Amino acid sequence: MKFKLLAAAASSIAMATPVLADLVLPWMSYRTGPYAVAGIPLADGYADYLTLLNERDGGIGGVPVRLLECETGYNTEKGVECYESTKAEGSLVYHPLSTGITYQLIPKVTADGIALHSMGYGRTSAANGKIFSNIFNYPANYWTAASAGVNYLLNENSGSLDGKHIALLYHNSAYGKEPIRTLEELSKKHKFELTLIPVDHPGQEQKSQWLQIRRERPDYVIMWGFGVMNQVAIQEAANVRFPMENFIGNWWAGAEHDVIPAGDVADGYKSLVMNDTGSDFDIYADIQKYVVDAGKAAGAGDNLGTVMYNRSLYMAFLTHMAIVKAQEITGTADISQADMIKGMEALDITDALMAEHGLANVGPAFSVSCENHGGPGLGAVSQWDASAGKWKLISGYLEADMGLINPLIQADSQAFAKENNISERCN
Amino acid sequence: MPEQVIFGMEVFLNGLMAGVLYALVALGFVLIYKASGIFNYAQGVMALFSAMTLVGMMNGQVPFSHLINAVFGTDIHHFGWHLPALIGILLTMAIMVLLAWLVQKIIFKHLVNQEPIILFMATIGLAYFMEGFGDLMWGGEIKKLDVGIPQGINLWIDEATYNIFDYGFFIDNLDIFATIVAAILVLALVAFSQYTKQGRAMRAVADDHQAALSVGVSLNFIWVMVWSLAGFVALVAGIMWGTKSGVQFSLSLIALKALPVLMLGGFTSIPGAIVGGLIIGVGEKMFEFLVGPLIGGATENWFAYVLALLFLVFRPQGLFGEKIIERV
Amino acid sequence: MLYREAGDFKTTYKEDNQTFPIKFDRYRYYFVLIVAFLIIPFWINDYWVNAIFLPFLIYSIAAIGLNILVGYCGQVSLGTGGFMAVGAYAVYKLMTAFPDVSIMIHVVLAGAITACVGVLFGLPSLRIKGFYLAVATLAAQFFLVWIFNRVPWFYNYSASGQINAPERTFFGVPVTGANADSWATYLFCLIILTVCGIVARNLTRGSIGRKWMAIRDMDIAAEIIGVNPLSAKLSAFAVSSFFIGISGALFFGVYLGAVEVGEAFGINKSFLVLFMIIIGGLGSIFGSFAGAAFLVLLPVLLKNLFVAGLGWQPDLATHLEFMIVGGLIILFLVVEPHGIAQLWRLAKEKLRLWPFPY
């Protein structure tokens with residue numbers, strides 16, 4: 001955790017001395033292993049964004065960014081090894097990209113004083129900043145995703161789901177079980193019937209589950225899957241002739257690699273998103289010029305504009321904004337790990353800010369605070385157009401039912417606090 | 001007829017089809033175990049590798065493109081051609097034969113007469129190696145496999161059953177195709193081993209290596225042949241499963257589905273693989289249908305093993321396996 | 001010259017029967033203990049402990065356990081992951097239910113619980129042999145993972161199903177939880193490993209070890225001469241599961257701190273520990289250590305070589321890692337099928353005679 005600070009002149013344009021300081025950003029990606037299919041585009045976006053910052057702007061506030069990419073293969077032990085090997089370099093924020101690794105790292109980063117950002121995954125109750133001082137999961141998490149999805153369905157059904165039947169097809173792991181409690185509460189509130197259908201890892205075989213769906217004919221199927229489970233589910237849904245427009249996956253079940261293998265029959269499949277996708281953003285011109293054409297692209301350069309690529313681009317953007325905010329607050333360009341946490345807690349993303357950096361309307365406007373590390377919890381719905389080969393947003397950013405979710409977050413975080421003797425902060 | 005019975009029949013038929021797909025994977029194991037006593041852990045990875053090679057050939061991918069680009073700084077990905085499925089399959093078969101020859105020459109020739117667990121370990125090492133090699137050669141992204149196999153609900157059966165039972169059964173076209181292919185494959189393999197010279201030689205080697213050697217059978221040739229056959233079976237299994245879910249790493253996990261089939265049917269019997277597959281397929285689907293909702297679902301993984309275990313308790317060598325005769 | 005049996009006379013039965021009869025061996029053993037207990041804790045940092053030492057220590061315990069079952073008693077088992085899960089969940093439930101009891105007692109109790117579960121799943125071994133038994137133990141593996149996923153009581157009804165290890169201290173020093181110092185966790189695991197190693201070594205040297213080996217070599221003949229196969233096989237499962245349960249408890253409590261059962265204790269874990277004992281050498285306690293070291297160190301070494309040293313892209317490095325690990329396993333088996341322990345034995349025999357050739 002040693003961190004060299006440049007002398008006095010906190011002026012970030014330190015051209016006088018050879019730059020010893022840099023902003024270290026570790027990147028725990030998985031380009032191999034069972035989820036490599038999703039992991040490869042996910043790994044590219046973050047790295048490309050930071051390369052762009054270095055090439056075009058000379059870093060953030062004049063201090064170059066150093067990316068430490070570490071391959072975890074979605075494996076928890078390798079995640080620990082990656083964490084231990086990079087933390088001494090002065091890492092500012094960790095993106096574990098895996099719910100398992102996130103749970104692992106939560107106590108460790110808290111003890112070591114480093115920030116952790118699990119955007120849209122990980123431990124949902126970490127949104128309670130009073131208990132989880134170092135953990136952030138803005139702008140949305142699994143419980144708000146489930147609620148936003150239900151709100152979308154409410155809108156589709158003129159505000160009432162009474163008597164409707166919704167099936168949750170979930171990956172039989174901690175990740176897949178996340179929305180269950182929220183959906184059970186919502187089913188009591190809105191009076192729809194909820195059926196829970198688990199799929200065993202890896203989800204290569206879903207015949208029984210889809211036969212059950214075909215028999216019971218739910219009105220909607222919500223999918224909480226990842227990896228091969230998604231591709232197989234979409235194919236099986238097409239096989240049993242389940243109407244694709246009633247099939248909604250969460251944001252880890254709605255990328256190009258999930259729908260393309262099924263071909264044209266996947267047309268109409270919907271997915272929750274927390275950020276927009278596509279290559280229409282202004283930043284892509286810069287990425288093309290400074291990164292891809294200069295031969296510095298992280299991967300093969302063929303994932304630009306895909307859903308996962310954009311998501312990690314968004315992650316990088318939010319990290320960039322947090323560093324800028326931290327630099328503003330502390331007045332130095334070479335921020336420390338504690339400064340990074342302050343920056344993240346003071347984060348305020350506005351539409352103007354997103355447009356300024358070439359990512360206009362990539363996500364909702366929101367701000368983070370000491371108590372709320374989870375952001376506004378907004379989710380939108382996008383739909384796959386197989387003939388055009390593109391995802392299109394078909395709804396605005398829907399709010400989640402925070403009145404229902406907040407007590408759940410409180411209960412879960414208080415249980416964690418009790419087990420680990422953590423007292424509340426931000427008071 | 002009560003609804004549950006009709007649903008039960010549908011699940012039963014689908015279980016049979018699923019069992020056929022498992023049996024396809026199990027066949028590869030049986031072939032190798034029968035001829036050389038090696039439990040080939042790498043069978044699943046072979047299925048993945050052969051499927052990746054087929055897709056790579058069909059799409060005209062440059063092998064090792066990632067490595068070449070990283071070392072030489074070039075940016076090549078595809079040759080630009082597209083091969084028809086049949087040619088792709090023939091070329092992939094040639095590569096699997098080459099692989100069988102290499103495996104025999106480099107690994108198993110040196111491990112003759114070792115204990116079964118050492119040979120098993122060697123196949124594990126082979127599995128690791130081929131996994132890394134396959135990813136390096138063709139890349140880890142998901143690839144769509146399309147050799148023209150029809151997919152989707154079979155409308156004819158749907159209508160016919162609807163007319164009889166007032167509920168249309170769902171039978172996937174792919175499953176029907178796979179059943180036909182598996183039947184042809186098993187018949188061909190049985191005919192091969194019964195009626196051709198090489199087949200008889202294979203059975204001789206399976207029975208007793210030394211006696212086979214003494215009558216002039218070339219062990220090396222038989223083993224390469226058996227591994228090639230297993231490679232072919234792996235390719236067929238890889239095509240069937242790859243068409244369902246795309247070609248990616250998880251394809252190698254289908255080997256785990258074949259293990260209960262092997263347990264039940266016996267490691268050394270080809271008809272045992274089929275019968276075992278059918279029993280496991282039906283058993284796990286019916287259990288999931290009947291008992292699953294009561295205990296929370298997702299029981300398929302372990303129930304197949306428990307079912308096989310129950311059979312083993314009564315017949316420790318599997319239904320059709322060779323009786324283990326121990327001499328003191 | 002140094003490594004000699006000549007001139008080393010034993011005057012008591014106790015001296016004659018000791019584990020390391022040759023003086024050089026004994027001194028080497030003490031030296032290793034001194035370095036491990038007194039020198040390393042002062043020198044290590046977080047990375048070395050968390051990435052190398054802790055996995056090595058913990059997997060060594062598991063490897064010893066599995067070696068007893070597979071190497072000494074000949075019952076191939078692929079249920080190691082499931083049993084480690086039992087140990088982990090047992091220690092979690094004990095830690096959360098009885099927060100005031102010492103963690104050491106909890107770990108030992110977790111091992112005992114796992115031993116009971118192991119005996120239960122070992123019952124098929126009385127009827128099934130060889131690879132069939134291996135596949136039967138997979139039933140245990142998958143069933144245990146399923147049950148820990150399904151029954152909410154095991155993970156204290158938390159919303160996500162993951163378990164987290166609360167902080168516990170041992171003689172006032174925290175050994176679990178995030179605030180545990182690296183030397184504390186290291187020493188805690190080392191103490192347990194040493195005790196386990198001594199127990200295992202003496203069990204396998206004693207009459208029960210000989211019974212296990214008799215069953216392994218020729219179980220029908222063993223039965224004829226009076227070895228009770230039921231008690232021998234089930235005791236092998238019990239002792240083996242005890243060690244594996246302890247290793248699972250440490251894996252969760254001390255090393256990772258939070259686990260998700262499907263990912264941490266899946267079938268890959270079972271195969272990994274099996275590889276360790278095969279490469280290390282079946283039927284040898286030293287082999288368990290050697291195999292664990294090989295399979296823990298090699299990936300880390302390769303990763304540091306390729307990524308940090310040569311600067312290659314991480315995914316290329318990982319693919320190459322797989323190829324090299326697989327290639328090395330094959331090479332190893334071709335060169336020395338009986339594992340690293342056999343190489344070690346041969347080296348010792350040659351050294352005993354050195355500088356004479358025979």
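How many of the 17 residues of α2(B) are buried? Let's keep that in mind while we get our bearings, everyone.

What we have here is a predicted model, where local features need pLDDT of at least 70, side-chain atom pairs count only at pLDDT 80 or more, and totals for chains, interfaces and linings use all residues. Residues are numbered from 1 along each chain as its sequence is written, while chains are lettered from A and ligands numbered from 1 in the order in which they are written.

The model scores ipTM 0.87 and pTM 0.90. For chain C, the average pLDDT (the predictor's confidence in each residue, from 0 to 100) is 89, and 100% of the residues score at least 70.

Back to our opening question. The answer is 16 of the 17, so α2(B) is largely enclosed by the rest of the structure. Buried means that 20 or more other C-beta atoms, placed from the backbone, lie within 10 Å of the residue's own. Helices here are DSSP runs of H or I with at least four residues, strands are runs of E with at least two, and both are numbered from the N terminus. Helix α2 of chain B covers residues 43-59, and at 1.5 Å a residue it should span 24 Å; its end C-alpha atoms are 24 Å apart, which agrees. That expected span is 1.5 Å times one less than the number of residues. Just after α2(B), B:Gly60 takes a positive phi of about 70 degrees.

Now over to chain C, with its 14 helices and four strands. Of its 358 residues, 52% are buried. Its C-alpha atoms fill a box of roughly 65 × 55 × 45 Å along the principal axes.

Let's zoom in on one residue. C:Ala140 sits in helix α6 of chain C, and it counts as buried because it has 28 C-beta neighbours inside 10 Å. Leaving aside neighbours within four places in sequence, C:Ala140 is in contact (C-beta atoms within 7 Å) with C:Gly79, C:Gly82 and C:Phe121.

Finally, how do chains C and B meet? The contact takes 38 residues from chain C and 43 residues from chain B. On the chain C side, α6, α8, α11 and α13 each supply at least two residues, and α13(C) gives the largest share, 13 residues. That side divides into 30 nonpolar, four polar and four charged residues. Here Ala, Val, Leu, Ile, Met, Phe, Trp, Tyr, Cys and Pro count as nonpolar, Asp, Glu, Lys and Arg as charged, and the others, Gly among them, as polar.

Conventions. Two residues are in contact if their C-beta atoms, placed from the backbone, lie within 7 Å. A residue is buried if 20 or more other C-beta atoms lie within 10 Å of its own, exposed if 12 or fewer, and partly exposed in between; C-beta atoms are placed from the backbone.
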